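Take a short walk through this structure. Keep the sequence and the 3D view side by side.

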Amino acid sequence: MEKLIITAAICGAEVTKENNPAVPYTVEEIAHEAYEAYKAGASIIHLHVREDDGTPTQSKERFKACIDAIKAKCPDVIIQPSTGGAVGMTDLERLQPTELGIEMATLDCGTCNFGGDEIFVNTENTIKNFGKIMIERNVKPEIEVFDKGMVDYAIRYAKQGFIKEPMHFDFVLGVQMTASARDLVFISESIPAGSTWTVSGIGRHEFPMAALAIVMGGHVRVGFEDNVYIEKGVLAKSNAELVEKVVRLAKELGREIATPDEARRILSLKK
Ligand code: KMH
Ligand code: ZN
């Protein structure tokens with residue numbers, strides 16, 4: 001089995017300091033959380049950025065400031081900006097970080113409900129346009145799928161030339177599709193041979209999904225974007241604490257942790 005790639009989703013767009021005071025907003029806080037998560041074992045930082053007051057933004061300047069600050073502390077870490085941004089942002093706003101010479105970015109492969117009246121909109125044209133731009137800018141997409149139909153869209157758009165293979169998927173389970181062992185087996189067996197996958201279990205599903213991915217040969221995403229608790233009712237002190245828990249699980253289950261360069265090889269990234 002390949003070594004385990006751990007992604008730290010340190011900030012997100014929806015979670016706030018009211019949910020957990022350790023959620024980072026400023027450039028310094030974001031760089032600090034990224035560095036600590038990296039030292040704990042994360043090889044990829046999934047990055048959203050905020051204004052100092054916590055407002056989510058896709059500003060190219062703000063992304064550049066955060067990327068530079070993270071790279072100053074850990075030059076080899078893989079930085080994966082979000083092109084999902086926050087619900088309601090325009091496509092042009094969302095695409096800004098892809099102009100920064102980045103290695104990876106998320107590519108959300110369908111529209112889904114996001115709680116209450118919120119809808120996270122990704123039309124067919126949006127997905128194809130984002131895919132085409134990522135090919136032109138040499139950015140490897142992490143394909144975000146919130147249910148199995150989004151895997152099927154990705155396969156269709158890859159056949160049409162909008163996404164390059166081998167594809168890398170992130171199964172976000174517990175938002176729209178439920179998070180069970182059956183769901184994870186079903187969805188991970190639905191992707192093309194040669195693809196790679198990671199799982200983001202939302203909320204209380206974070207560590208059960210991580211444990212399953214570790215034994216199934218997938219990879220793991222944890223972080224405040226998805227979950228703010230280290231155990232039931234106990235807030236995590238940092239993203240690093242969440243990463244450390246995955247490292248402990250992997251050790252117990254006999255799976256080694258990938259360095260950033262090992263992750264680059266596994267994901268066919270060109271540095
Ligand atoms: N904040 C969500 C609306 C991504 O990063 O690509 C979108 C999201 C997915 O978080
Ligand atoms: Zn995200």
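**A cysteine and its neighbours**

Start at Cys112, which is found in strand 7, residues 112–113. The model is a predicted one. Is Cys112 buried or exposed? Its relative accessibility is 2%, so Cys112 counts as buried; the cut-off for buried is under 20%.

Now look at what surrounds this residue. Leaving aside residues up to four places away in sequence, Cys112 touches Glu118, Ile119, Phe120, Phe146, Met150 and Gln176. Asp147 is 35 residues from Cys112 along the chain. Yet the C-alpha atoms of Cys112 and Asp147 are separated by 8.7 Å.

The structure holds 7 aromatic pairs. Phe120 and Phe146 form an edge-to-face pair, because their ring centres are 6.2 Å apart and their planes stand at 75 degrees; over 60 degrees counts as edge-to-face. Where do the two residues sit? Phe120 lies in strand 8, residues 119–120. Phe146 lies in the loop between strand 9 (140–145) and helix 5 (148–159). The pair therefore ties together parts that are 26 residues apart in sequence. Phe120 and Phe146 are both buried. Together with Phe114, they form one aromatic cluster.

Another aromatic pair has a stacked arrangement: Phe169 and Phe171. Here the distance is 6.3 Å centre to centre, with 20 degrees between the planes. Both Phe169 and Phe171 are buried.

Next come rings with a lysine over the face. Lys17 lies over the face of Tyr25, at 4.7 Å from the ring centre. Lys245 lies over the face of Phe207, and there the figure is 4.4 Å from the ring centre.

Finish with two helices. Helix 1 spans residues 27–40, and helix 8 spans residues 239–252. How do their axes meet? They come within 8 Å and cross at roughly 15 degrees. That crossing angle makes helix 1 roughly parallel to helix 8; angles under 35 degrees count as such. The crossing of helix 1 past helix 8 is right-handed. Which residues make the contact? Helix 1 supplies Glu33, Glu36, Ala37 and Ala40. Helix 8 supplies Asn239, Ala240, Val243, Glu244 and Val247.

Terms used
Residues are numbered from 1 along each chain as its sequence is written. Chains are lettered from A and ligands numbered from 1 in the order in which they are written. This is a predicted model: local features need pLDDT of at least 70, side-chain atom pairs count only at pLDDT 80 or more; totals for chains, interfaces and linings use all residues. Side-chain values use heavy atoms; hydrogens and water are left out. Rings of Phe, Tyr and Trp (its six-membered ring) pair if their centres lie within 6.5 Å; planes under 30 degrees apart count as stacked, over 60 as edge-to-face and the rest as tilted. Helices (H or I, at least four residues) and strands (E, at least two) are DSSP runs, numbered from the N terminus. Buried means under 20% relative accessible area, exposed over 50%, partly exposed in between (1.4 Å probe, protein chains only). A charge sits over a ring if NZ of Lys or CZ of Arg is within 6 Å of the ring centre and within 35 degrees of the ring normal. Axes are lines fitted to C-alpha atoms, for helices over the stretch in contact, and angles run from 0 to 180 degrees between N-to-C directions. Angles under 35 degrees count as roughly parallel, over 145 as roughly antiparallel, 65 to 115 as roughly perpendicular and the rest as oblique. A crossing is left-handed if the near helix is turned anticlockwise from the far one by less than a right angle, and right-handed if clockwise. Contact means heavy atoms within 4.5 Å.
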